Structures are given as C-alpha cells and as structure tokens.
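Trainee: Could you take a close look at one part for me, the way the domains are laid out and how things pack around them? I'd like one connected walk-through, please.

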Amino acid sequence: MAQQQKTLSVQAEAAAGAGSLGALSGAGGDRAREAAMEIGLRVGSIATLILIWWALSLFFPPTLIPRPWDTFAEVAEIVSTGNFFAEMGATLRRVAVGFAIAMVLSVPLGILMGTLRSLESFFEPPVILGLTMPGLIWAVLMIMFFGLNETSAYAAVAVTIFPMLAISIWQGTKSIDKDLIDMSKAFHARPWSKVVDVILPQLVSHILAAVRYGLGLAWKVVVVVEMFGFSNGVGYQVVRGFNVFSMKTVLAWTITFLVVMIVIEFGIIGWLERVVTQWRPRVEAWRR
Amino acid sequence: MDMAYVHVDGAVKFFSREDGAGMLVLDHVSFDTKENGVTCLLGPSGCGKSTLLNAISGLERLEQGRVEVVSDHGRATTLSPQLGYVFQDPRLLNWKRVEDNLIFALKGMEVPQAEWKERIHKYLGMVGLLEFRKQYPLYLSGGMRQRVGLARGLVIEPEVLLMDEPFSKLDQFTARKLREDTLAICARLRQTALLVTHDVEEAAYMGDRIVILSARPAHVAEILDNPLPPLERELDDFGFIEFKKRLLQSVLKLMEEEVRA
C-alpha cells in the first residue's frame with residue numbers, strides 16, 4: 001500500500017511538472033490508440049479460445065464437441081425464440097437479489113470487524129468457516145429448509161458469497177489510513193461523514209474486487225440451485241439439454257450465459273470502477 | 001478578526017509504556033500565545049511538541065493543567081469547534097476535489113451552507129489555488145497539496161490555527177515560498193496561530209513569539225518575542241540574522257545544560 005502510494009505521488013509530481021492540466025486533458029491521440037489496443041487484445045483472446053474449440057471439434061464427433069458455428073446457430077435460435085430473456089431474467093434476478101442481500105449485510109459487518117477488536121474476534125471464526133463451505137452444500141441446505149422456491153435461491157446465493165465479501169471489506173478496513181481518521185476528528189466530522197467521506201472511499205478497490213469475485217461465485221451457485229428442480233432459469237435449461245444428451249444445447253446456454261456475464265463485468269462493473277476511481281492517476285509501472 | 005490567544009497552564013502529560021512505567025512527556029508547560037499573531041513552539045524532535053498540539057486541539061487528554069482559548073467570547077476549553085489544523089502531511093481526501101476537501105471541513109464545523117462558496121473563493125484565492133478548485137489532489141504537486149491543507153485549516157475561520165511542522169516534508173524552495181505566503185496570510189488575517197517546528201530559522205522567520213521547549217520531558221526553557229514585524233523579516237537582513245542568532249544561542253545553551261544534566 002505504502003509502495004503504491006509512493007508510485008502514485010511520484011507520478012502526480014511528474015504530471016504537475018508537465019503542467020498538470022495539460023497532462024490530464026491532452027494526449028488524446030495516445031489515449032485513443034491505447035484504448036484500441038486494449039480492445040484488440042480482449043477480442044484476440046476470445047478469438048483464440050474459439051479457434052481452439054474449432055480445432056478440437058475436428059477430432060471429436062459433434063455429439064461430444066459440436067462445431068462452434070452450429071452452436072452459435074443454436075444460440076441465435078435460443079435468443080430469437082424469446083424464451084432466452086425469460087430464462088436469463090429469472091437467473092439474473094436470483095443473482096441480483098442474493099447479491100444485494102449479501103452486500104447490504106457484509107459492508108457494515110466488514111467495517112465493524114475492521115474497526116472494533118471485540119467484533120473481529122467474535123465474527124472471525126464463523127466468517128472463515130463460511131468461506132470453506134461449498135456452495136453446493138448451501139444450495140442443498142437452503143432448498144431443504146425453504147423448499148423449492150425463490151427464497152431458497154436468494155438465500156443460497158446470499159449465504160455463499162457473504163463470507164467472501166465480509167472478509168475483503170474487513171481486511172480492507174484494517175488497511176485504511178489512520179491519519180485521515182485523526183484529520184476527520186480534528187475537523188469534527190460527524191460519524192456518518194466519517195463513514196461516507198473517509199472510510200468507504202478507501203474501501204472502494206476492496207469492494208470492487210469483492211464484487212467481482214462475489215458475482216463469479218453467485219453465478220456458480222445459482223446454476224446449481226436451478227439444476228435441483230427449478231422450472232426455469234439457465235441452470236434448468238442446461239439440465240434439460242443434459243437430459244436429452246444434447247451437447248449443443250448445453251453449450252449454447254452456457255455461451256449465452258457467458259456473454260451476459262461479460263457484458264455485466266466489462267460494461268457495468270468496469271464503468272463503475274472508472275467512475276469511482278477517476279480521482280486516481282493510473283499506475284503505469286512498466287511504462288518508460 | 002476578533003482578539004484570541006491560547007492560554008496553556010501547567011500542562012502535564014504521561015504516556016504509559018509497554019512495561020507499565022509512566023513516561024513524563026510534558027512537565028508543567030505554561031505559556032500564552034501571542035494575541036492575533038503566530039507563536040512558534042521550537043524544540044527538538046520527539047520532545048512532545050506534537051503531543052502539546054494534540055492536547056490543545058483536544059485529540060489528547062492532559063493529566064494535569066488546562067488549555068484555554070481566550071477570546072472576545074470569553075474563556076473556552078478547546079474542545080469546542082474553533083480550531084483549524086494543518087498537518088505535516090497534507091492529509092487530504094484524495095477522492096474529493098480540492099473544493100470538496102474544504103467543504104468537508106466546513107460541513108464538520110457546521111458552517112452555514114450559504115457561506116461556503118464565498119469562503120472557498122476567498123481562502124483558495126489566498127493560497128493561490130483558485131483555478132485548481134475542481135482538481136483532484138493527486139494531480140497536484142506536494143507543495144500545492146500542502147496549500148490545500150492550509151486553505152482547509154483557514155476556511156473554517158478558526159480562532160486559532162494549529163500547524164504541525166507543515167513545511168518539513170517539502171523541498172527547500174517550495175518550503176521557503178510557502179512559509180512566506182503563510183506568514184503574509186496570517187498577518188493579513190491577524191490570525192492567531194500556533195506553529196510547531198524544530199527549525200530555528202523557521203521559528204525566527206514565522207514566529208511573533210517563540211516558545212523554546214526542552215528535550216523530553218518538555219518544559220518551557222524560554223519565551224522570546226520577535227522584534228521584527230512579520231512583513232519586515234528578510235532572511236538576509238541584518239536584524240533578522242541577529243534575532244536568529246539570539247534564538248540559536250538559547251537553543252545551544254539549552255542543549256549544553258541537557259548534556260551536563
């Protein structure tokens with residue numbers, strides 16, 4: 001952390017030296033080239049994956065590894081018949097609700113654990129235990145407890161990702177700058193202002209990292225829950241494909257799912273990250 | 001500006017060490033700061049200067065003695081919100097724009113929102129950063145960030161401005177310019193200020209009154225008033241050098257006594 005701050009301040013000095021406003025707003029061409037390069041690399045990495053898939057499909061029968069374009073045609077079919085949106089919507093809703101519950105509970109708990117020694121000691125064991133608990137077991141437990149309904153899906157998602165979120169925020173809180181807390185005391189900041197203006201902004205990177213891991217985990221759990229006997233959702237559709245042993249259907253649903261995930265990850269979370277970290281010059285450790 | 005000064009009377013502070021033994025940090029420290037002027041607390045590193053400043057600001061409790069701000073409003077303990085603080089590091093909220101850092105202080109001190117805009121204009125202008133008010137701190141140089149810290153201390157229009165070695169982490173050139181500007185601003189506002197420093201020249205330059213503290217446990221060794229008015233102190237001026245020498249002699253004498261003791 002200290003190291004990182006040092007790098008940042010050195011960069012900022014350099015920027016200031018070069019006429020700080022100019023360094024910020026100028027260099028538009030450079031930035032555009034950089035952005036194009038970034039997008040190119042991402043597209044290239046996905047193209048490489050498809051290429052490997054295609055190569056493998058040459059050596060296996062289509063019932064085991066269907067051709068990429070056949071599968072994409074199936075994807076188009078799924079999307080155009082319209083049931084895609086209903087199924088994906090159901091899954092997204094389960095993830096969103098479960099995620100929101102976990103977030104609302106873990107942020108205050110994490111901050112309290114990071115700032116109060118007694119709460120840290122009390123909550124550390126259950127949180128660590130919770131982290132080791134497989135999502136599959138939570139899914140089974142929640143369905144047995146709540147029955148086959150939406151509540152069990154929400155609960156399974158929330159309970160599975162909660163420990164991970166709480167740990168990130170708890171550890172993040174321990175690394176916040178004590179000098180800034182003293183400063184906020186000297187200027188008589190109210191408790192709410194201390195949390196919103198001083199503590200939370202220092203946790204943003206930790207929370208964003210937690211959100212990414214948490215979403216990844218949430219998708220995995222929700223599909224498992226849906227496989228257990230739900231009548232809609234992406235997990236259910238994958239099981240249906242499995243029951244008729246259609247590799248193409250299974251893969252097609254998986255792909256639609258991945259595409260939606262990528263949109264959320266790069267679109268929504270990436271945008272959120274850019275918005276909340278615009279105050280920070282980028283760390284360009286390897287640039288000369 | 002109303003009349004104001006800080007009255008410190010018999011301040012005693014212990015720190016408890018790991019082994020349980022108490023360590024005396026402040027040993028009956030008493031002094032009055034200069035009314036509507038800058039008072040420097042001059043002493044060696046680790047002598048308890050910052051502890052004293054924290055006691056004055058209410059961040060630290062004294063075992064004995066008291067600290068009061070005496071003003072037109074009467075005598076008050078320093079726990080009430082009338083102190084501005086400038087730290088050794090800027091201690092800015094880097095995720096807030098320059099003006100929002102000032103608003104953070106205004107909000108804490110419950111300054112009516114109607115006054116914010118005018119005050120931000122006035123004090124950012126004074127430190128010469130008005131055009132950077134929408135900028136984020138990490139895009140500013142170290143000296144500029146410290147100026148934002150100074151503006152934040154001033155914007156609440158405190159009865160007393162406390163400054164804890166605010167120039168010690170800056171390079172010589174930046175520090176010199178910022179000292180000059182800070183002194184001019186304090187003189188113009190007739191701001192009562194308390195500046196902690198271990199630098200004799202800085203004390204001679206900045207202080208209308210200089211309180212020399214001994215090494216730990218700190219007690220007041222000597223109190224000197226600067227014969228030169230704030231805006232007539234030139235680093236290469238004969239009168240200034242005379243006074244600096246006078247101050248240095250006191251400090252050297254104090255060090256000698258401590259070696260003998």
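Mentor: Let's start with chain A, whose domain assignment gives domain 1 (1-59) and domain 2 (66-276); bounds like these come from an automatic or database domain assignment. Keep in mind that this is a predicted model, where local features need pLDDT of at least 70, side-chain atom pairs count only at pLDDT 80 or more, and totals for chains, interfaces and linings use all residues. Residues are numbered from 1 along each chain as its sequence is written, while chains are lettered from A and ligands numbered from 1 in the order in which they are written.

Where the two domains of chain A meet, five residues of domain 1 are in contact with four residues of domain 2 (contact means C-beta atoms, placed from the backbone, within 7 Å). Domain 1's side of that meeting has four nonpolar residues, one polar and no charged. Here Ala, Val, Leu, Ile, Met, Phe, Trp, Tyr, Cys and Pro count as nonpolar, Asp, Glu, Lys and Arg as charged, and the others, Gly among them, as polar.

Now look at helix 10 (191-227) of chain A and helix 12 (residues 247-276) of chain A, which pack at about 170 degrees with axes 11 Å apart. Helices are DSSP runs (H or I, at least four residues), numbered from the N terminus. The axes are lines fitted to C-alpha atoms over the stretch in contact, and angles run from 0 to 180 degrees between N-to-C directions. Because of that angle, helix 10 of chain A is roughly antiparallel to helix 12 of chain A (the word applies over 145 degrees). Helix 10 of chain A brings residues including A:V204, A:L208 and A:W219, and helix 12 of chain A brings A:M261 and A:I269, among others. By class, this helix contact has seven nonpolar, no polar and two charged residues.

Over in chain B, domain 1 (4-82 + 163-260) comes in two stretches, and domain 2 is 93-157. The centres of these two domains of chain B, taken over C-alpha atoms, are 25 Å apart. Eight residues of domain 1 of chain B touch eight of domain 2 of chain B, and the domain 1 side splits into five nonpolar, two polar and one charged.

Finally, the chains themselves meet: 24 residues from chain A and 21 residues from chain B take part. Helix 9 of chain A gives the largest share of chain A's side, six residues. That side of chain A holds 14 nonpolar, three polar and seven charged residues.

Notes. Helices (H or I, at least four residues) and strands (E, at least two) are DSSP runs, numbered from the N terminus. Angles under 35 degrees count as roughly parallel, over 145 as roughly antiparallel, 65 to 115 as roughly perpendicular and the rest as oblique.
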